[in-house]
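Have the model open as you read.

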Amino acid sequence: MEKLLISLEGIDGSGKSTQLDLLSKMLQSQGRNPLILREPGGTTLGERVRGILLDGSVERSAIAELLLFCSARAELIRRVILPTLDEGRVVILDRFIDSTRAYQGYGLGLGATVIDAALRIATGGLTPALTILLDIEATTGLRRAASASNGVADAIEGRELAFMERVRQGYLALAEREPERFLTIPATKPHEEIAQQINERVLKLLNS
Ligand code: TYD
């Protein structure tokens, strides 16, 4: 059976969770049993690393942050993603390599060479067949994220508007560079319309 890895990307507040849920239901209705994983997390090591990353009181340099995300990812790939793909199940990732490129690269300003080297080590080159980018203006995303978390932003969400704007532009640049892999959808569209667009692409992939 064909191996299918899909990632969902977007700045905080872009509505990824809603679409993950809808995509998962659609796949289930097709008789599939998709595995949904969030990054960082999904393994014991990943959840611990997630705790460090989201804790604003833990100081870190940009490089250390990059490597922490990569260590969580390396573990998730080897322990969970590859074995699940081998079983023929679809794997959907809530954030993956493009989050690192957008947040640690464009957001924090780490160079593409450094980021790509770290990603290569962590992933061994594993790349999604499809990456769905939910695009939203930084101000709108931040407002939505703040109301969803009752105004308690975590260490990464707490970064300023200018940071999130760079992340958003980074995502758009990444999508432009790989138009075959990316499906970019304005996140301000109604949920059902976004879901429809995602379903069409995923079904096409499944039937190809
Ligand atoms: P999370 O609470 O999962 O945010 P969301 O619900 O928006 O996905 O927190 C993950 C945070 O980590 C999010 O702000 C994006 C950031 N992140 C990076 O900076 N680099 C990465 O490689 C990944 C996977 C996430």
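What follows looks at one helix and its surroundings, then at a pair of helices that cross.

## Helix α1: length and sides

Keep in mind that this is a predicted model. Helix α1 covers residues 16–29. With 14 residues at 1.5 Å each, α1 should span 20 Å, and its end C-alpha atoms do sit 20 Å apart, so the two agree.

Which residues of α1 are buried? They are K16, Q19, L20, L23, S24, M26 and L27. Because these residues take up an arc of only 160° around the axis, they lie on the same side of α1. Turn to the face pointing away from that buried side and you'll find the exposed residues S17 and S29.

## What α1 packs against

The buried residues of α1 have several partners: the strands β1 (5–9), β2 (35–38), β3 (91–94) and β4 (130–135), plus helix α8 (191–207).

Just past the end of α1, G31 adopts a positive phi of about 80°.

## Where α6 meets α7

Now for the helix pair. The axes of α6 (residues 138–148) and α7 (residues 161–177) come within 9 Å of each other, crossing at roughly 115°. The crossing of α6 past α7 is right-handed.

Which residues make the contact? From α6 it's A138, T139 and L142, while α7 brings L161, M164, E165 and R168. Sorted by class, the contact has four nonpolar residues, one polar and two charged.

Technical notes
Residues numbered from 1 in each chain as written. Predicted model: local features only at pLDDT ≥ 70, side-chain atom pairs only at ≥ 80, totals over all residues. Heavy atoms only, no water. Axes fitted to C-alpha atoms, helices over the stretch in contact; angles between N-to-C directions. Helix = DSSP H or I, 4+ residues; strand = E, 2+ residues; numbered from the N terminus. Left-handed = near helix turned anticlockwise from the far one by under 90°. Contact = heavy atoms within 4.5 Å. Nonpolar A, V, L, I, M, F, W, Y, C, P; charged D, E, K, R; others polar. Expected span 1.5 Å × (residues − 1). Buried < 20%, exposed > 50% of the residue type's maximum accessible area, 1.4 Å probe, protein only. Arc of directions from axis to C-beta.
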